[in-house]
Amino acid sequence: SLDSVVEKKIKDVLNGLECNPSATAKKLVCTSITNSGKLSSCPAEMSVTGCACGYACGSWDVRNENTCHCQCSVVDWTTARCCHLA
Amino acid sequence: SLDSVVEKKIKDVLNGLECNPSATAKKLVCTSITNSGKLSSCPAEMSVTGCACGYACGSWDVRNENTCHCQCSVVDWTTARCCHLA
Amino acid sequence: SLDSVVEKKIKDVLNGLECNPSATAKKLVCTSITNSGKLSSCPAEMSVTGCACGYACGSWDVRNENTCHCQCSVVDWTTARCCHLA
């Protein structure tokens, strides 16, 4: 019938556009990147959501959008917590 | 007309797929989970974006994807900051 | 043909619904808001994913959904790490 032809066509187009539920159901995915020293960066496609520092230090800032910088005078490691939609 | 039949059909399919704007407009929603001790976990469907620790401690790591672990020798509470799309 | 009429119609409707791939491809975007003192808030449409504090303090909590509160007795600045989908 015309009805089923149109419905099939719609589903074909939606699949082509990756506009079906499974394609649009993105999740927040996070990982940690740890480096020695006072700096640690997220991969380019991820965003910094928080940072952790060695020597109990809780003072940090984010530089150049994607790099954690621990500010205490003595810090032996820095972790960037990095998230994106996937 | 054929045109309006097709348009109605498309809207029916889109609604069924929850592919309309209101269904796809997800938001980032975050909450805090605090526990006594050095460990605190996010619910399974949420991701850890950062952690906080008692006794001023800023040194933490994320274990098993969804658990904050505060590393300082004395820590009386741990908070996991947990986010997901909703 | 009927086929191409239906396909054009589908694309028109999808564009009207902003349901095409470019419209639905949201990213996680984050920024930092720093204030002097022990409190710093994210803009209303953003969520707190983590906090940083002056004087090396790593003890913080989130108040009223969008405000970082640093808990140590001496803290000269507070940063809220704020994210949303854009």
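## Salt bridges and disulfides in a predicted model

At 40% relative accessibility, A:Arg63 counts as partly exposed; buried means under 20% relative accessible area, exposed over 50%, and partly exposed in between (1.4 Å probe, protein chains only). This is a predicted model, in which local features need pLDDT of at least 70, side-chain atom pairs count only at pLDDT 80 or more, and totals for chains, interfaces and linings use all residues. Residues are numbered from 1 along each chain as its sequence is written, chains are lettered from A and ligands numbered from 1 in the order in which they are written, and side-chain values use heavy atoms, with hydrogens and water left out.

**Salt bridges**

Over all chains, the structure holds 3 salt bridges, a salt bridge being a side-chain nitrogen of Lys or Arg within 4 Å of a carboxyl oxygen of Asp or Glu. They are set out below.

| Arginine | Aspartate | N to O distance |
|---|---|---|
| A:Arg63 | A:Asp61 | 3.4 Å |
| B:Arg63 | B:Asp61 | 3.4 Å |
| C:Arg63 | C:Asp61 | 3.4 Å |

B:Arg63 is partly exposed, at 40% relative accessibility. In chain C, C:Arg63 has a relative accessible area of 41% and is partly exposed, and C:Asp61 is partly exposed at 21%.

**Disulfides**

A disulfide is a covalent bond between the sulfur atoms of two cysteines. Here the criterion is a pair of cysteine sulfur atoms within 2.5 Å, and a search of the whole structure finds 15 disulfides over all chains. When the bonded cysteines of chain A are numbered in sequence order, they pair as 1-10, 2-9, 3-6, 4-7 and 5-8.

One of the disulfides joins A:Cys51 to A:Cys68, with 2.0 Å from S to S. Its torsion about the S-S bond is about -80 degrees, so the disulfide of A:Cys51 and A:Cys68 is left-handed. A:Cys51 lies in strand β3 (residues 47–53) of chain A and A:Cys68 in strand β5 (residues 67–70) of chain A, so the pair ties together parts that are 17 residues apart in sequence. Strands (E, at least two residues) are DSSP runs, numbered from the N terminus. Both A:Cys51 and A:Cys68 are buried.

In chain C, a disulfide links C:Cys57 and C:Cys72, whose sulfur atoms are 2.0 Å apart. With 80 degrees about the S-S bond, the link of C:Cys57 and C:Cys72 is right-handed. C:Cys57 is in the loop between β3 (47–53) and β4 (60–63) of chain C, and C:Cys72 is in the loop between β5 (67–70) and β6 (77–85), 15 residues apart. C:Cys57 is buried at 0% relative accessibility, and C:Cys72 is buried at 14%.

Note on methods. Helices (H or I, at least four residues) and strands (E, at least two) are DSSP runs, numbered from the N terminus.
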